[in-house]
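Keep the sequence and the coordinates open as you read.

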Amino acid sequence: MTRLIPAVLFLGGIPAAELNQLPSDQLNRGQTLFENSPKGIACARCHTAGKAGNPVGPDLKALAARMSPHDIAALMLARVKKHVQRVDLHDKTSLPAVLIHMGSDATELWDLSKTPPLRRAVSSTEIASIRPFPDWEHPPREAAYSLDELASIIAYLKYTATAAVKPVRAAEVDIRTRSRSR
Ligand code: HEC
């Protein structure tokens, strides 16, 4: 089996000294959580937001510029299922994966059974089937972020997307209530 090793393996966190100082405490907290959160798997292991990070899930820049904090929080905590596929192998194992390229000899994918996700190629002879995987759990659902932490992550995402230094309040990201702000 061919194994594709990404040019930069994003295994460790980004050292705190290399994080940029941002213009507010909330943005600094959000950046630290996005890059290195100790809860669950940090977002940057799987997402870019216009810059550094692993492109496993969608880039979050356009979405962060467009959507309200409330709607971004709802997406993070929803059962997202557009991109993740379940790949069943002939050896009876299966794995959640984001497909990168399906060739005739091999399928290149992000293997989400590994932490952090591993980019690799699986030979077509090994694959029995590929189908939707609606039960895949997006890591932030399990990570139990507080509302303050969610607000900080989202403020940081909006800042990287728009350069706006706008505080996000905990109440705006409480998805149990409907938001009136856009
Ligand atoms: C293990 C990898 C992984 C981690 C960690 C992760 N995500 Fe994701 N995320 C994904 C994948 C894959 C998708 C696409 C899921 C699908 O549609 O099937 C996704 C989808 C999303 C979406 C919806 C995007 C869209 O265009 O619909 C948002 C928003 C999001 N993630 C934000 C976050 C944030 C913020 C964090 C950190 C708190 C995070 N994610 C952590 C892999 C991850």
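Helix α3 gives the largest share of the shell around the ligand, 3 residues. This is a predicted model: local features need pLDDT of at least 70, side-chain atom pairs count only at pLDDT 80 or more, and totals for chains, interfaces and linings use all residues. Residues are numbered from 1 along each chain as its sequence is written.

The shell holds 25 residues, and the closest to the ligand are Cys-43, Cys-46, Gly-57, Lys-82 and His-83. Helices (H or I, at least four residues) and strands (E, at least two) are DSSP runs, numbered from the N terminus.

What is the shell made of, by class? It has 18 nonpolar, 4 polar and 3 charged residues. Here Ala, Val, Leu, Ile, Met, Phe, Trp, Tyr, Cys and Pro count as nonpolar, Asp, Glu, Lys and Arg as charged, and the others, Gly among them, as polar. The ligand lies between domain 1 (4-78 + 138-173) and domain 2 (84-132), because both give residues to its shell. The domain bounds come from an automatic or database domain assignment.

Now the core. The largest nonpolar core has 32 residues; Phe-34, Leu-150, Ile-153, Ile-154, Ala-155, Tyr-156 and Leu-157 have the most contacts inside it. Such a core is a set of buried Ala, Val, Leu, Ile, Met, Phe, Trp, Tyr and Cys residues joined through C-beta atoms within 7 Å. Buried means that 20 or more other C-beta atoms, placed from the backbone, lie within 10 Å of the residue's own. Helix α5 supplies the largest share of this core, 8 residues. Domain 1 and domain 2 each give the core at least three residues.

Leu-150 touches Ala-73, Tyr-145 and Val-173, leaving aside residues up to four places away in sequence. Contact means C-beta atoms, placed from the backbone, within 7 Å.

Next, α1 (residues 25-36). Its buried residues are Gln-26, Leu-27, Gly-30, Gln-31, Thr-32, Leu-33, Phe-34 and Glu-35. Their cover includes α5 (147-162).

Finally, the whole chain. It has 5 helices and 5 strands, in the order α-α-α-β-β-β-β-β-α-α along the sequence. Of its 182 residues, 29% are buried.

How values were computed:
Near = placed C-beta within 6 Å. Buried ≥ 20, exposed ≤ 12 C-beta atoms within 10 Å, placed from the backbone. Contact = placed C-beta atoms within 7 Å.
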